[in-house]
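Thanks for coming. I will talk through one structure today, with its helices as the topic.

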Amino acid sequence: MLIKKSITLKKHRTSLSLEKDFWEALNKIAENENSSIQSLISEIDINRKSSLASSTRVFILQYYKQI
């Protein structure tokens, strides 16, 4: 099931829909990196080459592959 959350990117409101497990992983990464989910998503947005949702999932996968 997708969970949609509203976020602000470059001063514009948008929404991001991810599965519960991805939101939980993103939250954990933010904690581990002493960051916020907003900051992580902003960084993902700057570097993305596909949709924000897909890029966020890839970011999470790559993060956990490095551990």
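I will start with how to read the model, then go through the helices.

This is a predicted model, where local features need pLDDT of at least 70, side-chain atom pairs count only at pLDDT 80 or more, and totals for chains, interfaces and linings use all residues. Residues are numbered from 1 along each chain as its sequence is written, and side-chain values use heavy atoms, with hydrogens and water left out.

Take H1 to begin with. The expected span is 1.5 Å times one less than the number of residues.

Which residues of H1 are buried? They are Trp-23, Ala-25, Leu-26, Ile-29 and Ala-30. Buried means under 20% relative accessible area, exposed over 50%, and partly exposed in between, with a 1.4 Å probe and protein chains only. Down the axis of H1, these buried residues fall within an arc of 160°, so they line one face of the helix. The arc is taken from the directions from the helix axis to the C-beta atoms. As background, an α-helix has 3.6 residues a turn, so residues three or four places apart point the same way.

The buried residues of H1 pack against E1, E2, H2 and H3. Contact means heavy atoms within 4.5 Å. Just after H1, Asn-34 takes a positive phi of about 50°.

Next, H1 and H2. Their axes, lines fitted to C-alpha atoms over the stretch in contact, with angles from 0 to 180 degrees between N-to-C directions, come within 9 Å and cross at roughly 100°. On the H1 side the contact is made by Trp-23, Leu-26, Asn-27, Ile-29 and Ala-30, and on the H2 side by Ile-37, Leu-40 and Ile-41.

Now H3, residues 52-65. Its 14 residues should span 20 Å at 1.5 Å a residue, which agrees with the 20 Å between its end C-alpha atoms. Leu-52, Ala-53, Ser-55, Thr-56, Ile-60 and Tyr-63 are the buried residues of H3. They fall within an arc of 165° seen down the axis, so they too line one face. On the other side of H3, Leu-61 and Lys-65 are exposed.

Last, Thr-56 in H3. Thr-56 is buried, at a relative accessible area of 0%. Setting aside neighbours within four places in sequence, Thr-56 is in contact with Leu-16, Leu-18, Leu-26 and Ile-44.

Notes. Helices (H or I, at least four residues) and strands (E, at least two) are DSSP runs, numbered from the N terminus.
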